[in-house]
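User: I am new to this structure and would like to learn how to read it feature by feature. Please give me the general idea each time, and then the case at hand.

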Amino acid sequence: MTDSTSSVFDIQHPDSDSALLLTVDHASRHIPEEYNNLGLTDPSVLARHIAWDIGIEDVTRRLSDRLKATAIYARFSRLLLDANRYPHDPASTPVISDGVEIPANQDMTEAEKARRVETYFTPYQGAITDLIERKREAHEVPLLISMHSFTPVMNDFERPWHIGVLWDRDPRIALPLLKILRENSSLVVGDNEPYSAREPLGYTMNEHGMKRGIPNVAIEIRQDLIDTHQGAEKWASIMADALTRLGPLAPYEPGEQG
């Protein structure tokens, strides 16, 4: 199913004729051997949501195949370096995540931070830039969808949403997608819930979408709904149906507020 591979990212259907590009910034929990699990004495921690977005790679691979759309997957854990955070943000190399201390990120030198950025972040984001440029050459209006998943419980709060549509100022995908998803009365659909795309700004959406004037949105699916292949297949079907029904996008001028 993977058409192009490096140690840092995978690209699925790189030569797709579709205008759609799916990005999965937190697809993997992989920590390179040289980092010795970032000093974590309990390797089972890397199976938790703090290390990756559980289930979303499975959903996106199925969705990419259904729509024959290009998808790109980061192949490194968000604990090593968060591909969706600006490198200057301390959260890009968290010292603690959901109560778990990350030893190798404590007292990290600027040189080590720069090495991680150069080795992982820059090639991954550069590959997204290349894909975006190819889409822009082939399509007047390419579409950027950043795929994520969220933990069902955070800070003792049981999150009721099944899916969230996250967006900042560009409503072109978000508003019709919210309307389509909410036609299914069995779904609890969040509008910038359980997270907001406005604070903090995600790197992928902001740099590749907002700043380029490309229609963009982030999708968050609850992890307990997609942590099996059956669940992933169900949600790939839901998303494929919704995206197929988007139709022509409304006009938008940068600077408009959603």
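Analyst: We begin with the elements: helices (H or I, at least four residues) and strands (E, at least two) are DSSP runs, numbered from the N terminus. The model is a predicted one, in which local features need pLDDT of at least 70 and side-chain atom pairs count only at pLDDT 80 or more, while totals for chains, interfaces and linings use all residues. Residues are numbered from 1 along each chain as its sequence is written, and side-chain values use heavy atoms, with hydrogens and water left out.

User: Where does Leu38 lie, and what is its phi?

Analyst: Leu38 sits in the loop that runs between β3 and α1, and its phi is positive, about 55°, although the residue is not a glycine. Asp98 also has a positive phi without being a glycine, in this case about 50°, and is found in the loop between β5 (96–97) and β6 (100–101).

User: Which peptide bond is cis, with omega near 5°?

Analyst: That is the bond from Glu193 to Pro194, and Pro194 has its place in the loop between β11 (189–191) and α4 (203–209).

User: Which residues have the most contacts inside the largest nonpolar core?

Analyst: A nonpolar core is a set of buried Ala, Val, Leu, Ile, Met, Phe, Trp, Tyr and Cys residues joined through side-chain atoms within 4.5 Å. As a general idea, nonpolar side chains tend to be buried together in soluble globular proteins. Here the largest nonpolar core has 37 residues, and those with the most contacts inside it are Val59, Met147, Val165, Leu177, Ile219 and Ile221. Two or more residues each come from β3 (20–24), α1 (56–67), β4 (70–74), β7 (143–150), β10 (163–166), α3 (174–182), β12 (216–222) and α5 (229–244), and α5 gives the most, eight residues. Apart from this core lies another, of 35 residues, among them Ile50, Ile54, Tyr86 and Val100.

User: What is Val59 in contact with?

Analyst: Contact means heavy atoms within 4.5 Å. Once its neighbours within four places in sequence are left aside, Val59 is in contact with Met147, Ile221, Ile226, Ala232, Trp235 and Ala236.

User: How do the axes of α1 and α5 cross?

Analyst: Two packed helices are described by the angle between their axes and the distance between the axes. Axes are lines fitted to C-alpha atoms, for helices over the stretch in contact, and angles run from 0 to 180 degrees between N-to-C directions. The axes of α1 and α5 come within 8 Å and cross at roughly 45°, which makes α1 oblique to α5; angles under 35 degrees count as roughly parallel, over 145 as roughly antiparallel, 65 to 115 as roughly perpendicular and the rest as oblique. On the α1 side the contact is made by Asp58, Val59, Arg62, Leu63, Arg66 and Leu67, and on the α5 side its residues include His229, Trp235, Met239 and Leu243.

User: Which residues of α3 and α5 meet?

Analyst: Leu177, Ile180 and Leu181 in α3 meet Ile238, Ala242 and Leu243 in α5. These two helices pack at an angle of about 125°, with their axes 10 Å apart, and are therefore oblique to each other.

User: Where is the place of Asp82, and which residues does Asp82 touch?

Analyst: Asp82 has its place in the loop between β4 and β5 and counts as buried because its relative accessibility is 5%. Not counting residues up to four places away in sequence, Asp82 touches His26, Ala91, Ser92 and Phe121. Asp82 and Tyr120 are 38 residues apart in sequence and 9.5 Å apart in space, C-alpha to C-alpha.

User: Is Pro90 buried or exposed?

Analyst: Pro90, whose place is in the loop between β4 and β5, counts as exposed at 63% relative accessibility. Pro94 lies in the loop between β4 and β5 and counts as buried at 12% relative accessibility. With residues up to four places away in sequence not counted, Pro94 touches Arg78, Leu79, Ile102 and Asn105.

Key: Buried < 20%, exposed > 50% of the residue type's maximum accessible area, 1.4 Å probe, protein only.
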